[in-house]
Amino acid sequence: TDFFCPGPRTRERFSIGADTPLLLFVGGLDRAHRFKGLPLLFQALARLPRAVELLVVGDGDLRPSYEDEAFARGLGERVHFVGRLDALSLRDAFRSADLFVFPSTNRAEAFGLAALEAEACGLPVIATQLPGVRTVVRHAETGFLVPPKDVDALEAAIAMVLQDATLRQRLGERACAMTAETFSWDNHIQGLMNIYQELCASPF
């Protein structure tokens, strides 16, 4: 949370307009990460207003096919593939977006580090109701959870948050606070110390 934290937008580096509603996806674009659900996000984006755009961070052997699919769906000018980013650039991407979308399709998504990094930057998250993801995204508190592979629910949740600036701000503020309260290294270290102290104080 010292590194992934709220900060100024730097959209010009991604060639995104200042007033453009911007979604962000971060994940591997390879066969091992098909479960990340990017095609579902394309389907949802195609139903959203044309002003909404998507920044895709990641790379892999499926990137060309994903780029082809985006064009085939008429999203060529709305989806921006930027490849892998270094840590500073990734933080800029989180800070520049309005909403992080995490549409994983099955339990292969065991946690969701990218979603946690997004929340640390004050970004609300739309994610799927998977056991590991629920430990990171709190429904109606730091974002919204939708059923896996449910494009209608995914679209509706994205639209709701994009259309309500007050809701978006509240979710983002709570997301940032939650990561500091629950997932910071200091809190983890203190928790471990408490456990060790309890064990050392117990009779053997």
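**View 1. Arg63 lies in helix H2**. Helices (H or I, at least four residues) and strands (E, at least two) are DSSP runs, numbered from the N terminus. This is a predicted model, in which local features need pLDDT of at least 70 and side-chain atom pairs count only at pLDDT 80 or more, while totals for chains, interfaces and linings use all residues. Residues are numbered from 1 along each chain as its sequence is written, and side-chain values use heavy atoms, leaving out hydrogens and water. Arg63 has a relative accessible area of 19%, so it is buried (under 20%; exposed is over 50%, partly exposed in between, with a 1.4 Å probe and protein chains only). Not counting residues up to four places away in sequence, Arg63 touches Leu29, Gly58, Phe81, Val82 and Gly83, where contact means heavy atoms within 4.5 Å. A polar atom of the Arg63 side chain lies 3.5 Å from the backbone oxygen of Phe81.

**View 2. Here is the largest nonpolar core, with 33 residues**. Such a core is a set of buried Ala, Val, Leu, Ile, Met, Phe, Trp, Tyr and Cys residues joined through side-chain atoms within 4.5 Å. Leu23, Leu38, Phe42, Leu54, Val79, Phe81 and Ile158 touch the most other members. Helix H6 (residues 151-163) gives the most to this core, with 7 residues. Leaving aside neighbours within four places in sequence, Leu23 is in contact with residues including Leu41, Leu45, Leu99, Val101 and Leu162. Apart from this core lies another, of 28 residues, among them Phe14, Leu55, Val136 and Leu145.

**View 3. Helix H1 (residues 38-47) has Leu38, Leu40, Leu41, Phe42, Ala44 and Leu45 buried**. What do the buried residues of H1 pack against? Their partners include strand E1 (22-26), strand E2 (53-57), helix H2 (63-72) and H6.

**View 4. Helix H3 (residues 87-96) is largely enclosed by the rest of the structure, because 8 of its 10 residues are buried**. The buried residues of H3 include Leu90, Arg91, Asp92 and Phe94, and this buried set packs against E1, E2, E4 and helix H4 (113-120).

**View 5. The largest pocket has a volume of about 280 Å³**. On a 1 Å grid over the protein atoms alone, a pocket is an open set of points with protein on both sides within 12 Å along at least five of seven lines, a cavity is a set where a 1.4 Å probe fits but cannot get out, and lining residues have an atom within 4 Å of a point. Grid points are joined across faces, edges and corners, and a volume is the space filled by probe spheres set on the points. Of the 13 lining residues, Thr1, Leu113, Leu116, Phe183 and Trp185 lie nearest the centre of this pocket. H4 supplies the largest share of the lining, 4 residues.

**View 6. The largest cavity holds about 40 Å³ of space**. Its lining includes Leu40, Pro103, Thr128, Lys149 and Leu154.

Notes
A polar contact is a pair of N or O atoms within 3.5 Å; within protein, one must be able to donate a hydrogen and the other to accept it, and residues adjacent in sequence count only if both atoms are side-chain atoms.
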